[in-house]
Amino acid sequence: MKYVDEFRDPDKARRLQAEIARLVPATGATAERPLQLMEFCGGHTHTIFRYGIEQLLPEAIELIHGPGCPVCVLPMGRVDDCVTLAERRDVIFTTFGDAMRVPGSRKSLLQAKADGADIRMVYSPLDALHLARNNPEREVIFFALGFETTMPSTALTVLQAEADGITNFSLFCNHITTVPTIKAILDSPDMRIDGFLAPGHVSMVVGERPFDFVAEHYHKPIVITGFEPLDILQSIWMLLRQLTEQRHVVENQYARIVPAGGNAAGMDAISRVFELREYFEWRGLGSIDHSGVKMRDTYAAFDAERKFSVANIKIADPKSCQCGEVLKGVIRPWECKVFGTACTPETPMGALMVSSEGACAAYYNFGNLTELMAKRKAVNA
Amino acid sequence: MNTLQPSPVPPLSEMRQRNDKLKTATITLAHGSGGKAMRDLIDDVFVRTFDSPELALLEDQARFPLAQMTALGDRLAMTTDSYVVDPLFFPGGDIGKLAVTGTVNDLAVGGAIPLYLTCSMIIEEGLSMDVLRRVAASMKKTADEAGVRIVTGDTKVVHKGAADKLFINTAGIGVIPTDIQPGSERARAGDVILINGYVGDHGAAIVDARGEMSLQNTIETDCQPLNTLIQAMLEVCPQIRCMRDATRGGIATVLNEFASASDVCIRVNEAALPLRDEVRGMCEILGLDPLYLANEGKLVAVVPVEFADEVLSVMQAHPAGVDSAVIGEVTATPQSSVILSTLFGGQRMVDMLVGEQLPRIC
């Protein structure tokens, strides 16, 4: 298949694998003290597990699966707010598919749907707007979720609704931003990450420059990375080259999609509709300053939070849940106390077990569970 | 003298053959009331279309001779399944075809020769009579292809909203020949895994037919009866270890069932897996995994390695198995697991699906 198979070529993978193995010793990393490279984005995590990329890497490289799965980091209180909105009789609540299963303190959207709430899965915010047009007597709320990748499409949908004079459409805005979160991870005291694979689709919107601070201020190499398996291997190789040459700059492996300056039209739509929140709550990471956006006052008429006075409930993560430590690379997913026992994909306790992009769910689904549990016993012994 | 003779009263059976009794264009609650409207519906749509002697007697049960069955084997197989697919008609098939193939295949993968089917319909009032006729005709056509008869049935009509258009339940009875006993606990290290063609076609066709995606493609369901294919396979290899049709949950689910019941490891080679470009493309766009997509005419079989070539060539010679392939093998460890060797050269576990397969956000 064109534009897909070229980036999954096993021969090229073997050549990159050999090059990576050749570069690693020069970084000084060993199996006992491996290099820790973080892929920020959940899409990368998914590719890494789907293609078994970890097995192609030397033991001296450890991949840390970052917090870039917007579904996973959604705090329980926000899910409760969603359920409350969705349970209103005058509301059709629309959402992307993988947000359906995220547990709230009372129930997930999937359970709310079974209990009678009118919740519909959509593939685009425009589908939600279409529903609003066809159901003028009901309010259609779109559960706006995701990093800068999905922000332009929600912003443009609001602008479209405004232009068409549609008054029964609103967003429950839970968009989050990448840069403050990477910064929070880098500032965390128990953190020792050696390099970053930066999110390719976020970069497609925001461009290369917002990541400069990682290289300039924190002196870490960072490579903007695509989502096919060869993209990931090539980016790891590029990080290693920077590390061996003791450079730390922003490089763009995903240039076929990411222009250096990003997408001006997309950024313009974002800044017309959204502004930064003072802080936003993340599952596993706690509150991070400026890490979310809300709707500007001009668009209050399309803001479900203002239209329906959302309670904005705060619910602490379960105590036994160690998602935060996993997100920062302090422990591996299978070292968590509840991994595979109290916390499974059927009954996720923590964020990372929820979506297939979450590191724990990925290990659970794609890893050898017996082997992982044995390893955990060895670590805890 | 009047030479005109009074016309004789036609026999009842002939009256039942008349096709112009039903004047209404839609199903109403009266058609499920047990009265004349229901009788007309049964006569006109079901008895006439299904055309089986057992059904035409209109007794409360179908009766069939034991001797004919015992001549075929030493055990009976029985199964039941309900069909609630939406939409009722989709590229390459419809709910009626599905209701026959699904039950026929559930019997056949147990090694049974399917013989008789029941047909229960739960109809939402307001369904068009034409839709019901088309579904019944499709059931009859498929039953003929599979060599089975629909011998008894039931009709219920429910209030608007109490069911979605039309639900069908079929149960089936078949006979298992002596010495044939495939079972999911019988896979052994060294066996090979066979499939009779492209995976995921049905699931992809249904996603497409729901029209939610505005994708334009040409994927048709793979819905087909598998009993004659399976008979041909069993003729050359009565020792087939395990056999299941990979319906909901896809081949990933069936392979996991084999691996855990037999306490073995099943290793699948992604490069060998028959997958249409259209299905693969749709999965790439929507973030779905074809291993979990439903099939309605695909069986997965585990056979001893010494029979693999012969079984494969018999399968490929049958119309329902032209694109058959060997997709993997059984090893002893790690027990109870399914491992996929990816096209890319890595390996990953293939687990049972948790809940529904949900598309990813980005």
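B:Asp263 is exposed, with 12 other C-beta atoms within 10 Å. In this predicted model, that residue sits in the loop between helix 9 (250-262) and strand 9 (265-269) of chain B. B:Asp263 has a positive phi of about 55 degrees, although it is not a glycine. Most residues other than glycine have a negative phi, and most peptide bonds are trans.

**Backbone exceptions in chain B**

Is B:Lys165 buried or exposed? B:Lys165 counts as buried because 20 other C-beta atoms lie within 10 Å, and 20 or more is the cut-off for that label. Its place is the loop between strand 5 (149-158) and strand 6 (166-176) of chain B.

| Peptide bond | Form | Omega |
|---|---|---|
| B:Asp86 to B:Pro87 | cis | near 5 degrees |
| B:Thr333 to B:Pro334 | cis | near -10 degrees |

B:Pro87 lies in the loop between strand 1 (75-83) and strand 2 (89-90) of chain B. B:Pro334 lies in the loop between strand 11 (325-331) and strand 12 (337-341) of chain B.

**Chain B overall**

Chain B holds 11 helices and 13 strands. It has 362 residues, and buried residues make up 46% of them. Take the contacts in chain B between residues at least 6 apart in sequence: 85% of these join residues at least 24 apart.

**The open sheet**

Which strands make up the open sheet of chain B, and in what order? The sheet has 7 strands, in the order 8-10-7-11-9-12-13, and the pairing is mixed. Its edge strands are strand 8 (242-245) and strand 13 (347-349) of chain B, each of which pairs on one side only. From one strand to the next, the twist averages 25 degrees.

One pairing in chain B joins strand 7 (residues 192-195) to strand 10 (residues 299-303). The sense is antiparallel, and there are 4 bridges. Here B:Ile195 stands opposite B:Val300 of strand 10.

Strands of a sheet pair through backbone hydrogen bonds, either parallel or antiparallel.

**Strand 4 and its partners**

Strand 4 (residues 113-124) of chain B is largely enclosed by the rest of the structure, because 9 of its 12 residues are buried. Strand 4 pairs with strand 5 of chain B over 9 bridges, and the two run parallel. In that pairing, B:Met121 has B:Thr155 of strand 5 as its bridge partner. Strand 4 also pairs with strand 6 of chain B, this time antiparallel and over 8 bridges. There, B:Pro114 stands opposite B:Gly174 of strand 6. The loop between strand 5 and strand 6 of chain B is the one that carries B:Lys165.

**A helix pair in chain B**

Helix 2 (residues 36-50) and helix 6 (residues 129-146) of chain B pack with their axes 9 Å apart, at an angle of about 20 degrees. How do the two helices run relative to each other? Helix 2 and helix 6 of chain B are roughly parallel, because angles under 35 degrees count as such. Their crossing is right-handed.

Helix 2 of chain B contributes B:Val45, B:Phe46, B:Thr49 and B:Phe50 to this contact. Helix 6 of chain B contributes B:Leu132, B:Arg133, B:Ala136, B:Ala137 and B:Lys140. By class, the residues of the contact are 6 nonpolar, 1 polar and 2 charged. An α-helix has 3.6 residues a turn, so residues three or four places apart point the same way.

**Where the chains meet**

How many residues does each chain give to the contact between chain A and chain B? Chain A gives 37 residues and chain B gives 23. On the side of chain A, the elements that give two or more residues are helix 1 (10-27), helix 2 (42-50), strand 5 (139-146) and helix 14. That side of chain A has 17 nonpolar, 13 polar and 7 charged residues.

Helix 14 (residues 359-366) of chain A is largely enclosed by the rest of the structure, because 8 of its 8 residues are buried. The buried residues of helix 14 of chain A include A:Cys360, A:Tyr363, A:Tyr364 and A:Phe366.

Methods:
Residues are numbered from 1 along each chain as its sequence is written. Chains are lettered from A and ligands numbered from 1 in the order in which they are written. This is a predicted model: local features need pLDDT of at least 70, side-chain atom pairs count only at pLDDT 80 or more; totals for chains, interfaces and linings use all residues. Two residues are in contact if their C-beta atoms, placed from the backbone, lie within 7 Å. Ala, Val, Leu, Ile, Met, Phe, Trp, Tyr, Cys and Pro count as nonpolar, Asp, Glu, Lys and Arg as charged, and the others, Gly among them, as polar. Two strands pair if DSSP finds at least two bridges between them. Axes are lines fitted to C-alpha atoms, for helices over the stretch in contact, and angles run from 0 to 180 degrees between N-to-C directions. Angles under 35 degrees count as roughly parallel, over 145 as roughly antiparallel, 65 to 115 as roughly perpendicular and the rest as oblique. A crossing is left-handed if the near helix is turned anticlockwise from the far one by less than a right angle, and right-handed if clockwise.
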